[in-house]
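Hello,

Here is the structure I said I would pass on. My notes on it follow below the entry.

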Amino acid sequence: MQFVTSRSEALVKLNKYIENDISNYNSKRNFDFGVNNRSNVSCLSPYITHRLINEYETAKLVLKKYPFQKVDKFIQEIFWRVYWKGWLELRPKVWTDFIEDLKNIKEDEKYLKAVKGETEIECFNDWVNELKNFNYLHNHTRMLFASIWIFTLRLPWQKGAEFFMKHLFDGDAASNTLSWRWVAGIQTKGKNYLAQSWNISKFTNNKYKNVKLNETALPIIDKREYKFSPFQINKSEEINEQLIVFENEMHIDFFDLKKYKKNLLCFIRK
Ligand SMILES: Cc1cc2nc3c(=O)[nH]c(=O)nc-3n(C[C@H](O)[C@H](O)[C@H](O)COP(=O)(O)OP(=O)(O)OC[C@H]3O[C@@H](n4cnc5c(N)ncnc54)[C@H](O)[C@@H]3O)c2cc1C
């Protein structure tokens, strides 16, 4: 799987996916058939995350070809992304707390073994290597990976989320952080996602069998509450005449730049 950073390439991939494969999405999307067989999912997330194509044009193109009932799952997944974005935007402290938490977590032996893919769990080790080599993991595998990380390896979810952000081409502050919180049982409080051996066997097409996991762990407890803090839309003309574009927006033509007096581009240096 190759990701090319151009809008025209992204549109070609989107159109090909709609033309050839999307009709199987509802029934096949949960299977991870391995790196050489990804036609059951779109693999569009790096393009969407970096705004080479956006959620609305993607949904519009899909619905031009198929009635909603035939592609409902795909459209719903696209809108999960939009939902996570909005959720985090209204509670920015979730992100700043995540960054603060990371400063206080030590990288011990157990953690180092996990990120080198040297645990006792074969599928987990393979996924670590896949993530590092291909910078992508299937959605179901991300859920299983995060669950094994948190509940079987007993590692802090924050370090797992950081590890994903470091390697994923689609790394996204909202989808990633909130999905990790969801698996841990702190996003939907008290409801954790537990990886189970039968589930791994079924959805990897029997590639991995009899995986030894903690299948009964309780959700992680985090008592911090995050109040909804709606950002203020500033009605003063002067401020609204400025546009700030962040580095993950790779296609600035989505904005009508002529409408703004000042266009600020924001890059993060590492
Ligand atoms: C622990 C964990 C971490 C994740 N981290 C990220 C991340 O950093 N960036 C990211 O874009 N997605 C993340 N996801 C969501 C999802 O796994 C990926 O968006 C999806 O696997 C991308 O592959 P695809 O394009 O083939 O998806 P498809 O299944 O083809 O879905 C189509 C599009 O819908 C959106 N989408 C699909 N599933 C989800 C979902 N569960 N949540 C939000 N949007 C979704 C994506 O934009 C995707 O491109 C994470 C999920 C989990 C469980």
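**Salt bridges**

Glu19 and Lys65 are joined through their side chains by a salt bridge, with an N to O distance of 3.3 Å. The two residues come from distant parts of the chain, Glu19 from helix α1 (residues 7-20) and Lys65 from helix α4, and are 46 residues apart. Lys65 has a relative accessible area of 41% and is therefore partly exposed. Please keep in mind that this is a predicted model.

The total, by the distance rule used here, is 17 salt bridges. Two others that I looked at involve Arg224. In one of them, the side chain of Asp97 meets that of Arg224 at 3.8 Å, N to O. This pair also links distant parts of the chain: Asp97 sits in helix α6 (residues 93-103), while Arg224 sits in the loop between α12 (197-203) and α13 (237-240), 127 residues apart. Asp97 has a relative accessibility of 11%, so it counts as buried, the limit being under 20%. Arg224 has 31% and therefore counts as partly exposed.

The other bridge to Arg224 comes from Asp101, with 2.9 Å between the closest N and O atoms. Because Asp101 lies in helix α6 and Arg224 in the loop between α12 and α13, this pair ties together parts that are 123 residues apart in sequence. Asp101 counts as buried because its relative accessibility is 15%.

There is also a network: salt bridges with shared partners join Arg51, Glu55, Arg81, Lys85 and Asp172.

**Backbone**

Most residues other than glycine have a negative phi. Arg51 is not a glycine, yet its phi is positive, at about 60°. Its place is the loop between α3 (45-49) and α4 (55-65). With a relative accessibility of 16%, Arg51 counts as buried.

Arg154 likewise is not a glycine and has a positive phi of about 60°. The loop between α9 (139-152) and α10 (157-167) holds Arg154. Is Arg154 buried or partly exposed? Its relative accessibility is 48%, so Arg154 counts as partly exposed.

**Surface patches**

Lys113, Lys116, Lys132 and Lys166 form a positive one. Of these, Lys116 belongs to helix α7 (residues 109-116). Lys116 counts as partly exposed because its relative accessibility is 48%.

Ile244 is part of strand β1 (residues 242-246). The relative accessibility of Ile244 is 48%, so this residue counts as partly exposed.

**Overall fold**

The chain's secondary structure consists of 13 helices and 2 strands. Its C-alpha trace spans about 60 × 45 × 35 Å along the principal axes. How does the radius of gyration of the chain agree with that of a compact globule? For 270 residues such a globule would have a value near 18 Å, and the chain has 20 Å, so the two agree. Of the 270 residues in the chain, 43% are buried.

Regards

Methods. Residues numbered from 1 in each chain as written. Predicted model: local features only at pLDDT ≥ 70, side-chain atom pairs only at ≥ 80, totals over all residues. Heavy atoms only, no water. Patch = residues over 30% accessible without salt bridge, like charges linked within 9 Å, V, L, I, M, F, W, Y side chains within 5 Å. Areas by Shrake-Rupley, 256 points an atom, 1.4 Å probe, with all protein chains shown as cover. Salt bridge = Lys/Arg side-chain N within 4 Å of Asp/Glu carboxyl O. Lys, Arg positive; Asp, Glu negative; His and termini not counted. Charge placed at Lys NZ, Arg CZ, Asp CG, Glu CD. Helix = DSSP H or I, 4+ residues; strand = E, 2+ residues; numbered from the N terminus. Buried < 20%, exposed > 50% of the residue type's maximum accessible area, 1.4 Å probe, protein only. Rg over C-alpha atoms; globule rule 2.2 N^0.38 Å.
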